[in-house]
Amino acid sequence: MHLPSLDRAAELREESGVIDRLRTEPSTRVIVVRDGRVRVADDLLVRVAPTEPVDATWALLGRDDSGTPLLLAALPSESASIDAAPEETWFGLRDLGGRLAAAESEILVEALALAAWLRDAPFCPTCGGGTEIRQAGWSRRCLVCGREHFPRTDPAVIVAVESRDGERLLLGANANWGGRMYSCFAGFVEAGESLESTVHRELAEESGVRLSALRYVSSQPWPFPRSLMVGFRAVVDDETDARPDGEEIIDVRWFTRAEITSSLAGEGPVGLPGRASIARALIVDWLEGGA
């Protein structure tokens, strides 16, 4: 389990002018986000001086494990202020896969999620009025009705379903992937639902199976655009019930350990999720016996 190494420095968010102050301090470093991508060199996030980005929306990320203040500079798509950097140095979360160390990934996901919210939520969802950014980028106050809004996180479940003897794994092919890749079953939590209820409902809807056992494994923030994936492992009640819903899931299939091992190595018979996703972690957790 990865323990957080990023100090989000929440106590600084109420300091008036904290962003301006930190931008004048030579020790401050900045993570620049453009169109959901960041600059990476030698498997490390590129940190630039606070004087380098212009035309950015700014926010406080916190302090890294060395105590260095970190700011976010979210660039508009058309910005040319830092676009002179080679295009091949810009990466999204899916591009990076499992290349980054846990501490770097933690900063990456926070920066991507907060940048997306700052970009996508300029207006009040209550009255439609314009908003002003407050709390060092962590809230918006409506200039019309005065409501305060915060970055939202939408919970979703994702489940690795195994056979009763534990020797096979049930995966599904999403219609969006054209049948080229199989993965764990996932879905968003609906209003008034518990996580456990969501797991049972999603599996019944997407694969037709009922579950006899369920346990939590781990979670992963997933900024596409603002999800928290809550991972479970489950045991199926009746293996013969498995069938796709025909709309979102176009195929379901039981895989042996040998088939999963081969597919993880890229040798088939099917494609599996990339290293950046909790889906792959759940599959590997099952394969390795849940250690």
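1. Helix H5 (residues 257-264) has as its buried residues Ile260, Ser263 and Leu264; buried means under 20% relative accessible area with a 1.4 Å probe, protein chains only. Because they cover an arc of only 100 degrees around the axis, they lie on the same side of H5; the arc is taken over the directions from the helix axis to the C-beta atoms. Helices (H or I, at least four residues) and strands (E, at least two) are DSSP runs, numbered from the N terminus.

2. This is a predicted model, in which local features need pLDDT of at least 70 and side-chain atom pairs pLDDT 80 or more, while totals for chains, interfaces and linings use all residues. Residues are numbered from 1 along each chain as its sequence is written, and side-chain values use heavy atoms, with hydrogens and water left out.

3. The cover over the buried residues of H5 includes strand S11 (168-174), strand S15 (249-256) and helix H6 (278-287), contact being heavy atoms within 4.5 Å. Ile260 touches Leu169, Leu171, Phe255, Leu272, Ile283, Trp286 and Leu287, residues up to four places away in sequence not being counted.

4. Ile260, with Leu72 and Leu171, has the most contacts inside the largest nonpolar core, which has 47 residues. Such a core is a set of buried Ala, Val, Leu, Ile, Met, Phe, Trp, Tyr and Cys residues joined through side-chain atoms within 4.5 Å. Helix H3 (residues 102-120) supplies the largest share of this core, nine residues.

5. Just after H5, Gly266 adopts a positive phi of about 80 degrees.

Notes: Buried means under 20% relative accessible area, exposed over 50%, partly exposed in between (1.4 Å probe, protein chains only).
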